[in-house]
Amino acid sequence: LDAPRRATTAAVNARLIPLITALISSTLSILYKRGIRCPLMVVRGDGTLMGAEMALERPVETILSGPAASVVGALTLSGRREGVVIDIGGTTTDIAWVSGGLPPINGEGAVVGGLATRVEAIDIRTIGLGGEDVVLHVVADVAGDLRGVAGSRVRARQGLSAHTGIR
């Protein structure tokens, strides 16, 4: 029955309801003020879309929606069906392996803050290093000892570009 995982999912969902309600309300208000009349769609954690009404009831389904949107967007824009998608955000880097043109789904459910949920979401690896993080270069001196280089602080994104040629 997986009661602990279901309970965690329900608790996370309950905590997200006020946040998503404020976000959707604000977004709809702005759209209305600008004369935009259209359905508001929200990305789910598996990369598919749901209507705002569903998101208000089940905000837990939006867990990992940002990384999922990045993977779907990369597939769409590149026209490729296989590869590795790396999304370097402000605070984290998300990595997904894509095969067969579809984002990989974690069959065990999304894990949030170390808590397992029953939310179907993209299978992605996240590292706590983003483009705005400051990294201290570490180099080996002549004797092979590791030491930090004073004043050699760079943003992670700059470091990645310098060492891989990826921009």
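Let's start at Asp123, which is partly exposed, with a relative accessibility of 25%. On that scale, buried is under 20% relative accessible area, exposed is over 50%, and partly exposed lies in between, using a 1.4 Å probe and protein chains only. Asp123 pairs with Arg125 in a salt bridge, and the closest N and O atoms are 2.7 Å apart. By salt bridge I mean a side-chain nitrogen of Lys or Arg within 4 Å of a carboxyl oxygen of Asp or Glu. Arg125 counts as exposed, at 54% relative accessibility.

Some ground rules. This is a predicted model, where local features need pLDDT of at least 70, side-chain atom pairs count only at pLDDT 80 or more, and totals for chains, interfaces and linings use all residues. Residues are numbered from 1 along each chain as its sequence is written, and side-chain values use heavy atoms, with hydrogens and water left out.

Back to the charges. How many salt bridges does the rule give? The count is six. One of them joins Arg118 to Asp2, with the closest N and O atoms 3.5 Å apart. That pair links distant parts of the chain, 116 residues apart: Arg118 is in the loop between strand E7 (115-116) and E8, and Asp2 is in the segment before helix H1 (3-33). Those labels are DSSP runs numbered from the N terminus: helices are H or I with at least four residues, strands are E with at least two. Asp2 is partly exposed, at 34%.

Next, the network. Which residues does it link? Salt bridges connect Arg44, Asp46, Arg58 and Glu61. Within it, the Arg58 and Glu61 side chains meet at 2.6 Å, N to O. Arg58 is partly exposed at 33%, whereas Glu61 is buried at 11%.

Now Asp46. Look in the loop between E1 and strand E2 (49-51). Is Asp46 buried or exposed? It is buried, at 9% relative accessibility. Its side chain also makes a polar contact with the side chain of Thr48, at 2.6 Å. A polar contact is a pair of N or O atoms within 3.5 Å; within protein, one must be able to donate a hydrogen and the other to accept it, and residues adjacent in sequence count only if both atoms are side-chain atoms. Leave out residues up to four places away in sequence, and Asp46 touches Ala68, Pro103, Ile105, Glu120, Ala121 and Ile122. Contact here means heavy atoms within 4.5 Å.

Ala68 takes us to helix H3. Its buried residues are Ser65, Pro67, Ala68, Val71 and Leu75. They pack against strand E1 (41-43), strand E3 (83-88), strand E4 (93-98) and strand E8 (121-122). A general point: an α-helix has 3.6 residues a turn, so residues three or four places apart point the same way.

What about the ends of H3? Leu64 sits in the loop between helix H2 (52-57) and helix H3 (65-78). Its phi is near 65°, a positive value in a residue other than glycine. Leu64 is partly exposed, at 25%. Just after H3, Gly79 also has a positive phi, about 75°.

Last stop, Ala110. This residue lies in the loop between strand E5 (105-106) and strand E6 (111-112). Ala110 is buried, with a relative accessible area of 1%. Beyond its neighbours within four places in sequence, its contacts include Ile63, Leu64 and Ala121. Ala110 and Ile122 are 12 residues apart in sequence and 7.7 Å apart in space, C-alpha to C-alpha.
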